[in-house]
Amino acid sequence: MELQRNLKLTIAYDGHDFAGWQIQPDQPTIQGSLVSVIEHITGEKTLPQGSGRTDAGVHALAQVASVCTQSPIPLWNFRKALNDLLPAAIRILSVEEAPPEFHARKSALAKTYEYRIYRGEICPPFLARYVYHHPYPLNELGMIEAASVVLGKHDFTSFAAVDPERKKPEFKKDDAGVNNIRTIYSSAWHRNGDELIYRVRGNGFLHHMVRNLVGTYLMVGKGNVSLLDLQRILEAHDRSAASATAPASGLFLLSVEY
């Protein structure tokens with residue numbers, strides 16, 4: 001009987017031309033690309049499990065996936081073969097042997113996301129697909145102050161995606177945990193040249209949660225939402241209380257901790 005291996009892949013990708021992580025019929029996806037290439041290399045039909053399902057247009061500097069294989073290919077050769085066949089927008093940074101119980105999503109302890117807003121009048125074309133260009137007036141100090149409101153353990157229903165058919169916050173069985181409660185360990189805005197950057201680290205995130213938080217912080221910056229309003233939005237547990245979802249282009253999955 002052949003030995004079953006559990007591999008941990010660390011992946012970087014430019015999500016601009018993909019319909020997100022999760023495999024979809026007739027749509028280019030990160031997971032779908034991996035499925036196709038792994039089958040080409042090993043002859044096996046696999047379904048790599050990601051640490052989370054990034055949306056269409058969202059990028060990753062170090063997404064993590066786990067995949068089971070019976071292929072004896074050495075790790076270095078497997079990484080090289082994957083990168084030789086994958087689109088240039090997807091790179092496998094490392095391939096490691098993992099214990100049988102390791103699962104990219106279920107084993108994750110924390111994730112860090114970053115959202116980048118370009119504040120300059122003219123966005124350089126080579127940055128356009130990696131930032132949200134917003135050159136209009138914002139009270140950035142107010143946004144910096146507001147970031148701390150979400151620290152700690154909360155029900156983040158107000159910042160979860162909504163199922164349009166049910167008009168209720170979207171909940172999926174494969175989300176971390178068993179409800180919309182998440183713990184945010186750090187949440188902060190900072191300036192880096194012409195970019196205003198939001199970095200948030202937590203034990204898990206709901207669908208669209210970071211982009212919905214950013215959309216509401218932008219309303220704080222515009223003077224439409226106060227710190228007290230933000231607290232009330234968080235406590236309302238109602239998606240309609242928060243603001244619009246920020247564009248996908250500025251969002252990056254930075255890292256996953258195990």
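A nonpolar core is a set of buried Ala, Val, Leu, Ile, Met, Phe, Trp, Tyr and Cys residues joined through side-chain atoms within 4.5 Å. In this predicted model, the largest such core has 61 residues.

**Overall build**

- Of the 258 residues in the chain, 50% are buried.
- Looking at contacts between residues at least 6 apart in sequence, 72% join residues at least 24 apart.

**Surface and charge**

- The chain has an accessible surface of about 12,500 Å², and carbon and sulfur atoms account for 54% of that surface.
- Positive side chains number 27 and negative side chains number 27. The centres of these two sets lie 2 Å apart.

**The nonpolar core**

- In soluble globular proteins, nonpolar side chains tend to be buried together.
- In the largest core of this chain, the residues with the most contacts inside it are Ile11, Phe159, Trp189, Tyr198, Val214 and Tyr217.
- Helix α4, which spans residues 209-221, gives the most to this core, with 7 residues.
- Leaving aside residues up to four places away in sequence, Phe159 touches Met209, Asn212, Leu213 and Thr216, among others. Its partners also include Leu230, Ile233, Leu234, Arg239 and Ala242, as well as His207 and His208.

- Ile184 sits in strand β10, residues 181-192. Its relative accessibility is 3%, under the 20% cut-off, so Ile184 counts as buried.
- Beyond residues up to four places away in sequence, Ile184 touches Val150, Leu151, Gly152 and Phe156, and also Val200, Arg201, Gly202, Phe205 and Met209.
- Ile184 and Gly223 are 39 residues apart along the chain, and their C-alpha atoms are separated by 24 Å.
- Thr10 belongs to strand β1. With 13% relative accessibility, Thr10 counts as buried too.
- Among the residues that Thr10 touches, not counting those up to four places away in sequence, are Ala62, Gln63 and Val64. Arg91, Ile92, Leu93, Ser94 and Glu96 are also contacts of Thr10.

**Loop residues to look at**

- Most residues other than glycine have a negative phi. Asp26 has a positive phi, near 60°, and His208 has a positive phi of about 70°.
- Asp26 lies in the loop between β1 (5-13) and α1 (30-42). Its relative accessibility is 81%, so Asp26 counts as exposed.
- His208 is found in the loop between β11 (195-202) and α4. At 25% relative accessibility, His208 counts as partly exposed, and this histidine is one of the residues that Phe159 touches.
- Tyr136 is placed in the loop between β6 (132-133) and α3 (140-146). It counts as exposed, at 53% relative accessibility.
- Tyr136 and Arg119 are 17 residues apart along the chain, with their C-alpha atoms separated by 7.5 Å.

Definitions and conventions:
Residues numbered from 1 in each chain as written. Predicted model: local features only at pLDDT ≥ 70, side-chain atom pairs only at ≥ 80, totals over all residues. Heavy atoms only, no water. Buried < 20%, exposed > 50% of the residue type's maximum accessible area, 1.4 Å probe, protein only. Contact = heavy atoms within 4.5 Å. Areas by Shrake-Rupley, 256 points an atom, 1.4 Å probe, with all protein chains shown as cover. Lys, Arg positive; Asp, Glu negative; His and termini not counted. Charge placed at Lys NZ, Arg CZ, Asp CG, Glu CD. Helix = DSSP H or I, 4+ residues; strand = E, 2+ residues; numbered from the N terminus.
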